[in-house]
Amino acid sequence: MNCLFVGAGSIAPEYAAGLSESSLSLAGVVDLDGDRAAALAADHGCPSFTDLEAALAAVDAPLVVNLTSHAAHAPVTRAALEADRHVYSQKPLALDADEARALVALARDRGLALGCAPGTPQAPSQRRAGRLLADGRLGPVGVGYAHAHVGRVTDWHDRPDSFLEIGPLYDGAVYPLALLVAWFGPVERVRVADVLDVWPERENRRPSTPSHVEATVAFAAGPTVRLTASFYAPHRSREFYGLELHGDDGSLYLADAGATATDRDSVRFGRVGREYVSAPPASPEEPYAYVDAVERLAASVESGSPSRAGGRRGAHVVAVCNAIEAAAEGGGPAPVDDCGATADSPPAPVVRPAASDERNTTGRDGATPGEGAGRTPGAAAIRLPSVGFGCSRYRDGEYVERDDSIATALDAGYRLLDSAELYGNEHRIGELLAAPGAPDRERLFLLGKAWRTNHRREHLLAACAGSREELGIDAFDCYALHWPSALEHRGELRRLAEKPVERQEALTFPEDADGDLATADVSLATAWANLEAVYEKGWARTLGVCNVSRAQLETVLETGDVDPALVQVERHPYRPRNDLVASCHERGIRVVAHSPLSAPGLLDEPALNAIGADRGLSPAEVVIAWNAARGVVPIPSSTTESHVVSNLAAGAVRLTAEEIARVDALRDPDFER
Ligand SMILES: NC(=O)c1ccc[n+]([C@@H]2O[C@H](COP(=O)([O-])OP(=O)(O)OC[C@H]3O[C@@H](n4cnc5c(N)ncnc54)[C@H](OP(=O)(O)O)[C@@H]3O)[C@@H](O)[C@H]2O)c1
């Protein structure tokens, strides 16, 4: 769609930068400063103007992008709407709520789209924070603190006049306000507000409105947020555009409510009673471009329903700013006009296990698997995050405490937990999942495993029942055989971690009279058939198998009625299992890589260090990204918080083909543990 830029100041190049990647083309540029307009227009091969009316008459552009200085936004938007142009306006939409409402009404009456910056609620960090909120991790949100420390505009802006005229409220506060309105819906009232004229005596250029504003705003949906907008507090202050929200179950810290760049530590979550932990992106994030919001507005026009949602939200933000001024002046609460602002719908969940009725189509509720009902699909039914978290207590021949690191992983945003009855800590994971601030069950992929001593049907069913009870879940997302071969059953393994170590060993690695492992005569085909009983009961949405060779996988596929959805094997650069991975992927079976980092010497490999050094990644992150590149889900375990976070974030790293080849070259056919 053709668009006309009105205003060629410092923000215009930011919008122009994204044009070549967008469906928009620049058809003209207007600025009172003819040289500025001409320079930008020349870059895009379009005409320039110094007069808006002349430009509107001359340029065939259905969309006006209003990038003028603050006070000019409303009159320029009005002129463009009156000329039947759709408009995307820089913030604020206007300086007066009546004027802002009138612009929305004008756009509505003419059937035109009206959008308003900031588009940053759609930027990567803000979306990530929004997902935590939408996932209910904070519980009901009670209070928050938002900062907009615009700083000394006379220091950092080459043309500060327009800023000094309107003050920090209409320039800076609109970022956190727009974000909070996107999350919580409209502000109901400003409870209290105060303004200050604080400014260094030595400065000649001074704001003509208060330089520092404090207000407490109450959202209709519940939260009360204390907002500070300041030209006096420097933009390098610790709380620049920091936003912190506190709920019944947890707290969220967003380092910069107006940020456009992606930063893995910018979102932090603290479950109630626990330290904050970074919640990094776990898969690649879409970079933010200023022009994205304009493109979305153009798309709404092209689809035949011109959107005014951004305009309404922009008008409501102006109404909040007006009410803050009124409250500061009148000394009391000030109601805020809703202006049609509404909360965005919650974002899609990260992990969506198959709906139970999909699963019901085969194998359950009447249809007998193997009797013409068709094979039950495996991985078609599951969607996995890029990286999962290993919950084993076993570490270098010892058992280690995992409760704290599993809680940290859940808080950082891991969505796949690899558990097993062997790990003996399912009841502790169950407690973590039941505690306030835990992710909803629907957001998690829980992978469980029956140990080798439980391959007989009655033992498998009892093992799965026990694990479900300890975890407090109705069904696993995937339940797997921990090992293809069976050992003798010497008793149930519930709450294994609470038993003395010798007893744990005797139960899990039983010995015969000669001190050899006591095997049981249960073939893999039989064990798989027994595992299918778990599926038949609806205790697992899908089934899986660990530590299999290709031949053993064939056995499962040939003899079973339910296809495995998932295969878990040891996989790392020394032992990439490429044949098995390819064979699984051909059949739609997902591969999970256990022990991805712990192969002796792996993390000291010069090649991994060299790739990491070039990319600012640790060797472990390179290995995780290498797995993700192949569509394999690694499940590293860690008890070190920084590793927990960086391992998850590595799932969002994309290695180049050349880097992948360098890691592939580490393959060692003789590797053995
Ligand atoms: N199905 C099976 O038969 C099977 C077998 C083995 C394992 N598993 C699963 O796989 C999971 C992971 O396997 P694993 O625990 O054996 O080994 P791993 O995850 O490959 O390695 C864990 C070791 O790597 C270190 N580490 C983790 N992240 C690091 C980082 N970013 N930088 C440097 N070091 C890092 C850990 O130390 P820190 O704690 O200090 O980070 C720990 O010493 C298990 O928890 C389990 O769920 C399954």
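Author: A residue counts as near a molecule if its C-beta atom, placed from the backbone, lies within 6 Å of that molecule. With that in mind, we can turn to the model above, which is predicted.

Reader: How many residues surround the ligand, and which are the closest?

Author: The ligand is surrounded by 25 residues, and the closest of them are Gly390, Ser392, Ala620, Ser637 and Ser638.

Reader: Which helix gives the largest share of the shell around the ligand?

Author: That share, three residues, belongs to helix 21, which covers residues 641-649.

Reader: How do the residues of that shell divide into nonpolar, polar and charged?

Author: In the shell around the ligand, 16 residues are polar, eight are nonpolar and one is charged.

Reader: How should I read two packed helices?

Author: In general, two packed helices are described by the angle between their axes and by the distance between those axes. Here, the axes of helix 16 (residues 524-536) and helix 17 (residues 550-559) come within 9 Å and cross at roughly 55°, and the two helices are therefore oblique to each other. The crossing of helix 16 and helix 17 is right-handed.

Reader: Which residues make the contact?

Author: Helix 16 contributes Leu524, Ala525 and Trp528, while helix 17 contributes Gln552, Thr555, Val556 and Thr559. Of the residues in this contact, four are nonpolar, three are polar and none is charged.

Reader: Into which domains is the protein divided?

Author: Domain 1 is made of 2-116 + 291-309, domain 2 spans 121-278, and domain 3 spans 356-664. Taken over C-alpha atoms, the centres of domain 1 and domain 3 are separated by 53 Å.

Definitions and conventions: Residues are numbered from 1 along each chain as its sequence is written. This is a predicted model: local features need pLDDT of at least 70, side-chain atom pairs count only at pLDDT 80 or more; totals for chains, interfaces and linings use all residues. Domain bounds come from an automatic or database domain assignment. Helices (H or I, at least four residues) and strands (E, at least two) are DSSP runs, numbered from the N terminus. Ala, Val, Leu, Ile, Met, Phe, Trp, Tyr, Cys and Pro count as nonpolar, Asp, Glu, Lys and Arg as charged, and the others, Gly among them, as polar. Axes are lines fitted to C-alpha atoms, for helices over the stretch in contact, and angles run from 0 to 180 degrees between N-to-C directions. Angles under 35 degrees count as roughly parallel, over 145 as roughly antiparallel, 65 to 115 as roughly perpendicular and the rest as oblique. A crossing is left-handed if the near helix is turned anticlockwise from the far one by less than a right angle, and right-handed if clockwise. Two residues are in contact if their C-beta atoms, placed from the backbone, lie within 7 Å.
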